[in-house]
Amino acid sequence: GISMSKRGNGEGSIYQRKSDGKWVGSITIEGGKRKVLYGDTRKEVQEKLKAALHEQQQGVLITAPQQTLSQYLEHWLEHTIKPTIRPRSHERYEEIARLHIIPTIGKIKLQALTPQHVETMQSKKLKQGLSPTTVAAIHGLLHKALEDAVKKGLVARNVCDAVSPPRKQHKEMKPLTAEQARQLIEAAKGHPQEGLFVLALATGMRRGELLGLKWQDIDFTSGVLHVRRVLSRTPTKVGRATGDRYVEAETKTKKSRRSIVLADFALQALKQHKARQEEAHRVAGDAWEDHGYVFCNEIGRHVNPGHGVLVQLKLLLKKAGLPDIRFHDLRHSTATLLLSQGVHPKIVQEILGHSEISMTMDVYSHVLPTMQKDAMEKLNQTFRPE
């Protein structure tokens, strides 16, 4: 016979086996199966049961269809996606989930989520005044998270597939004309970071790529520059205060790791910049920190992307009497100049480090009509009767 001692529901049951006096506990796990645990004393089995139940609750919460979207997203952000993306991207993802998705549809059970929920959230966000680009990013994040839920068998389909994200508005691009670009370079003459602005216009490199550039990445004999890392902002929490520190990180995508052949004027500017830096090094003496950065402050540390670059650009634009543009518009200027001069978009894609040619074509579609005109002119020459 067996002396049973039933436990409350969800706690498993414990009994002592008559045959050998051992204590036995069991717990129902997924699919109605039972997991059996053994011990010499009742207490020991109780402990094991408690641990197993805790584990089960944790596990079930994650794998059960009963979890809410909010529970799923929090787990996904921390355990699935965090290890695979850059800290800055994770911070952005976390922000989108916390500010927009969770407050709006977070309470809904993962399995009960419908395309209508997503649609309603999107229109609500647009009504709140968020830009279509931001709402498209919210859609993108949710789509990515649900894609993983489908893979894990938590949901049968990705409800985001049935909902179109709002059409992104391309930020109004303000590329400089060739004449304006020359004026900017003229205004930068003698500026401590003159080389940075010249290189930005000569290569279309992103700000973080320019700031992460080291002398070892430039081969002066072959005139080639290698983009291998970026300087990336990482939020830091010290107690209650949040600050930023800048760390070297992987490039944005695999394609962003690239080699760029430098124009002669850019090489000259870099040589001149090197001489300037050696002078700064001499002045700083022992205070100099050698990080190998091409663009650094007066003691060799990386330049501050805000004050050291953006503010300086704004001052130079003012000095040159040019329109107020973002730093990223320098990149657009380079691309636009190259494309309008008839450079093949595939080459422009490689220089910019876009992962897909479609991205280049999409972002610079405004340049293409003039290219078509040139193409038709050439065709006309071919077929024009003598």
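Helices (H or I, at least four residues) and strands (E, at least two) are taken as DSSP runs and numbered from the N terminus. The structure is a predicted model, in which local features need pLDDT of at least 70 and side-chain atom pairs count only at pLDDT 80 or more, while totals for chains, interfaces and linings use all residues. Residues are numbered from 1 along each chain as its sequence is written, and side-chain values use heavy atoms, with hydrogens and water left out.

Val363 is found in helix 13 (residues 357-363), and with a relative accessible area of 16% it is buried, where buried means under 20% relative accessible area, exposed over 50% and partly exposed in between (1.4 Å probe, protein chains only). Val363 and Glu289 are 74 residues apart in sequence, and their C-alpha atoms are 40 Å apart in space. Thr334, placed in helix 11 (residues 328-340), is likewise buried, at 5% relative accessibility. When neighbours within four places in sequence are left aside, Thr334 is in contact (heavy atoms within 4.5 Å) with Ala200, Leu201, Ala202, Thr203 and Gly204.

The axes of helix 2 (residues 69-81) and helix 5 (residues 132-151), which are lines fitted to C-alpha atoms over the stretch in contact, with angles running from 0 to 180 degrees between N-to-C directions, come within 11 Å and cross at roughly 85 degrees. The two helices are therefore roughly perpendicular to each other, given that angles under 35 degrees count as roughly parallel, over 145 as roughly antiparallel, 65 to 115 as roughly perpendicular and the rest as oblique. Residues that meet here include Leu73 and Trp76 in helix 2, and Leu142 and Asp148 in helix 5.

Side chains of opposite charge can pair when their charged atoms come close. The structure holds 22 salt bridges, each defined as a side-chain nitrogen of Lys or Arg within 4 Å of a carboxyl oxygen of Asp or Glu. In one of them, Asp148 meets Lys151 (3.7 Å, N to O); both residues lie in helix 5, three residues apart, about one turn of the helix. Asp148 is buried at 15% relative accessible area, whereas Lys151 is exposed at 67%.

Arg228 forms a salt bridge with Asp217, the closest N and O atoms being 2.9 Å apart. Arg228 lies in the loop between strand 6 (224-227) and strand 7 (230-238) and Asp217 in the loop between helix 8 (207-211) and strand 5 (218-219), so the pair ties together parts that are eleven residues apart in sequence.
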